[in-house]
Amino acid sequence: MGILCASVVGCYQGIDFELEEQASEGEAGPADEGEPSDTDGGEEGSEPSTSAFSPVSRLTDRQWRRTVAAAFERDESELDGVVLPADSTDGIFLTNAVDELGTFDDYISASEAAGALLAPGLVDACDWLGDTHGCVVAELAGPMTVLLHRPPSSAQLDAVTAMMLDAIMRGQPVEQVVGAGLSRALLDPLFLFRVEVPGEFYGDSVYELDSQDLAARLSLAITDGPPDAQLYAAGQDQSLLVPTLLEGEVDRILALPGAREMIWRFVRSWLGVRNEGGPLAEAMEKETRLFVESILYDDAVPLGELFTANYSYIDASLAELYGVPAPAVDWERYEFPADAQRMGVLTHASFLSSNGAHERDLAWIFRGRIVVERLFCLPMPDPPPGAVEMADEVPVRETDPVCGACHGTLDPVGRLFHAYDSHGALFEGEEVEEVEGALETGSDIDGTYTNVLELNAAMVESGTVDHCFTKMWFQFLVDRKPTGQDLTSVDEALLVLSQTRSTRQMLATLLTSTAMTKVYIEDYQAP
């Protein structure tokens with residue numbers, strides 16, 4: 001426990017573990033939450049087979065740091081020394097929604113470290129030893145409001161005061177006293193865990209989400225941080241519960257710089273883009289980030305250009321990699337020559353190198369899997385242990401009785417990327433070989449293709465791709481795969497996307513949908 005106290009019981013008095021347990025039982029949903037359901041993939045019109053439940057989530061590392069930095073008006077870099085529990089993923093996106101709440105204990109040392117880092121800036125702000133509770137109210141109620149997304153209760157303020165008085169009684173110096181209080185504030189479960197309070201009953205295990213919780217849900221989804229002043233005020237005065245006012249606030253937030261960051265966070269995870277470090281890798285990532293933001297953030301640019309654009313944003317190093325003339329100005333819009341074999345994000349070096357750092361035929365598997373699972377929402381099982389080593393022993397994976405169940409789908413798609421090496425360049429010293437591939441996912445554009453450029457052109461007209469794209473965004477924003485009642489929200493957003501071709505308008509629809517503005521709880525009983 002470090003310097004905070006002599007015992008857990010005496011030190012962490014006032015932490016509502018019962019609330020934590022109640023939230024876990026009431027909101028987390030069935031035991032298999034996070035497992036693939038039979039509505040995870042396939043075509044539109046899938047019948048819901050299970051109810052949706054709003055999971056309790058703990059803040060991600062980024063959300064914790066952004067919120068604490070905003071609360072105490074500090075730079076995030078000042079918290080670099082704080083080690084937090086590792087984040088989890090759902091296989092694609094970063095999410096802690098499926099975590100057990102037992103990770104609370106892991107935050108004790110993190111809160112102590114953060115308290116020690118923040119305390120020196122507050123020591124001289126008040127007479128902490130002479131008027132402890134008054135100082136807590138005067139100096140910590142404001143930061144706690146940011147942490148909790150609402151003003152702290154008397155009980156929460158009293159718990160911080162009790163922690164500090166315990167430190168005073170043990171003769172600790174004022175800096176450690178302040179650090180103890182800060183640590184207690186940072187250990188509040190309602191800060192660490194997104195325990196959302198249900199409001200008015202909406203029907204069928206659906207409850208109105210408390211307006212303050214809705215403000216936090218929107219802000220964390222879009223910016224990974226706490227609500228700004230305007231969104232916080234809208235949460236406090238309940239105006240977010242008025243549909244037209246909610247729509248206006250969502251439109252405002254989507255116009256902020258944080259929305260651009262959100263788009264990149266989504267695409268990076270969705271397409272499995274990784275930055276392995278070094279100048280060339282940095283350039284690869286910058287190209288894709290500039291490209292996807294220019295398309296997905298701009299209402300006037302249709303979604304299809306993500307796959308078919310003959311332009312991108314490159315510098316001289318990428319031009320050399322791609323074998324094209326250097327741009328006149330780095331990082332401005334650059335149109336590729338007709339023979340460059342570059343069309344859309346799936347021909348970016350960032351995507352190709354992240355999903356193809358293997359021998360040529362093995363790269364088919366990894367590139368094919370991303371396309372099949374994340375553009376057509378057809379889930380594939382994890383490969384068996386030693387699958388890569390087995391590849392040399394199975395000459396024809398696609399027709400092998402065991403391997404063919406997956407590789408019969410993955411490899412034909414991956415072959416469409418046959419022209420690109422592990423770095424994303426065209427193979428040197430040979431003609432760009434045309435190797436016939438195929439898409440066999442049960443989609444509306446299944447068929448035979450010569451290369452990925454042909455598939456890209458077909459995806460623009462695919463309702464299956466639109467549907468999968470919308471479901472991926474839902475999963476990213478709402479922290480769960482869409483099931484049950486969620487499918488109505490997905491369908492509403494999909495309709496907007498099909499009519500407008502605007503990702504931003506589709507996002508606005510998702511962010512104001514029932515799934516985002518309501519909380520789903522089974523057998524909830526109001527206190």
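This is a predicted model: local features need pLDDT of at least 70, side-chain atom pairs count only at pLDDT 80 or more; totals for chains, interfaces and linings use all residues.
Asp 479 is found in the loop between H21 and H22.

The phi angle of Asp 479 is near 70°. That is a positive value in a residue other than glycine. Most residues other than glycine have a negative phi. Is Asp 479 buried or exposed? Its relative accessibility is 15%, so Asp 479 counts as buried, the cut-off being under 20%.

**The helices on either side**

Helix H21 covers residues 463-478, and helix H22 covers residues 486-500. Their axes come within 9 Å and cross at roughly 125°. H21 and H22 are therefore oblique to each other. H21 passes H22 in a right-handed crossing. From H21, the contact is made by Asp 466, His 467, Phe 469, Thr 470, Lys 471 and Phe 474. From H22 come Asp 486, Ser 489, Val 490, Asp 491, Ala 493, Leu 494 and Leu 497. The residues of this contact divide into six nonpolar, three polar and four charged.

**Helix H23 and what follows**

Ser 502 caps the N-terminal end of H23. A side-chain oxygen of Ser 502 lies 3.4 Å from the backbone nitrogen of Arg 504. How much of H23 is buried? Seven of its nine residues are, so H23 is largely enclosed by the rest of the structure. The buried residues are Thr 503, Met 506, Leu 507, Ala 508, Thr 509, Leu 510 and Leu 511.

Helix H11, residues 243-254, is a partner of H23. The two axes come within 10 Å and cross at roughly 135°. That makes H11 oblique to H23. The crossing of H11 past H23 is right-handed. On the H11 side, the residues are Val 250, Asp 251 and Leu 254. They meet Arg 504, Leu 507, Ala 508 and Leu 511 in H23. This contact divides into five nonpolar residues, no polar ones and two charged.

Ser 513 lies in the loop between H23 (503-511) and helix H24 (514-517). Ser 513 is buried, with a relative accessible area of 3%. Which residues does Ser 513 contact, leaving aside its neighbours within four places in sequence? They are Ser 489 and Glu 492. With Ser 489, the side chain of Ser 513 makes a polar contact to the side chain, at 3.5 Å. Ser 489 is also one of the H22 residues in the contact between H21 and H22.

**Elsewhere in the chain**

Pro 226 lies in the loop between helix H9 (211-223) and helix H10 (229-236). At 16% relative accessibility, Pro 226 counts as buried. Not counting residues up to four places away in sequence, Pro 226 touches Arg 66, Thr 67, Ala 70, Val 146, His 149 and Ser 219. Val 68 is 158 residues from Pro 226 along the chain, yet their C-alpha atoms are separated by 9.1 Å.

Glu 261 is found in helix H12, residues 257-270. Glu 261 touches Arg 62, Arg 66 and Arg 289, not counting residues up to four places away in sequence. Arg 66 is also listed among the residues that Pro 226 touches. Glu 261 and Arg 289 are 28 residues apart in sequence and 9.2 Å apart in space, C-alpha to C-alpha.

Trp 331 lies in the loop between helix H15 (316-322) and strand S6 (333-335). Its phi is near 70°, a positive value in a residue other than glycine.

The table gathers relative accessibility for some of these residues.

| Residue | Relative accessibility | Class |
|---|---|---|
| Ser 513 | 3% | buried |
| Asp 479 | 15% | buried |
| Pro 226 | 16% | buried |
| Trp 331 | 21% | partly exposed |
| Glu 261 | 26% | partly exposed |

**The whole chain**

How many helices and strands does the protein chain have? It has 24 helices and nine strands. Buried residues make up 54% of its 527 residues. Take the contacts between residues at least 6 apart in sequence: 69% of them join residues at least 24 apart.

Terms used:
Residues are numbered from 1 along each chain as its sequence is written. Side-chain values use heavy atoms; hydrogens and water are left out. Helices (H or I, at least four residues) and strands (E, at least two) are DSSP runs, numbered from the N terminus. Buried means under 20% relative accessible area, exposed over 50%, partly exposed in between (1.4 Å probe, protein chains only). A polar contact is a pair of N or O atoms within 3.5 Å; within protein, one must be able to donate a hydrogen and the other to accept it, and residues adjacent in sequence count only if both atoms are side-chain atoms. Contact means heavy atoms within 4.5 Å. Axes are lines fitted to C-alpha atoms, for helices over the stretch in contact, and angles run from 0 to 180 degrees between N-to-C directions. Angles under 35 degrees count as roughly parallel, over 145 as roughly antiparallel, 65 to 115 as roughly perpendicular and the rest as oblique. A crossing is left-handed if the near helix is turned anticlockwise from the far one by less than a right angle, and right-handed if clockwise. Ala, Val, Leu, Ile, Met, Phe, Trp, Tyr, Cys and Pro count as nonpolar, Asp, Glu, Lys and Arg as charged, and the others, Gly among them, as polar.
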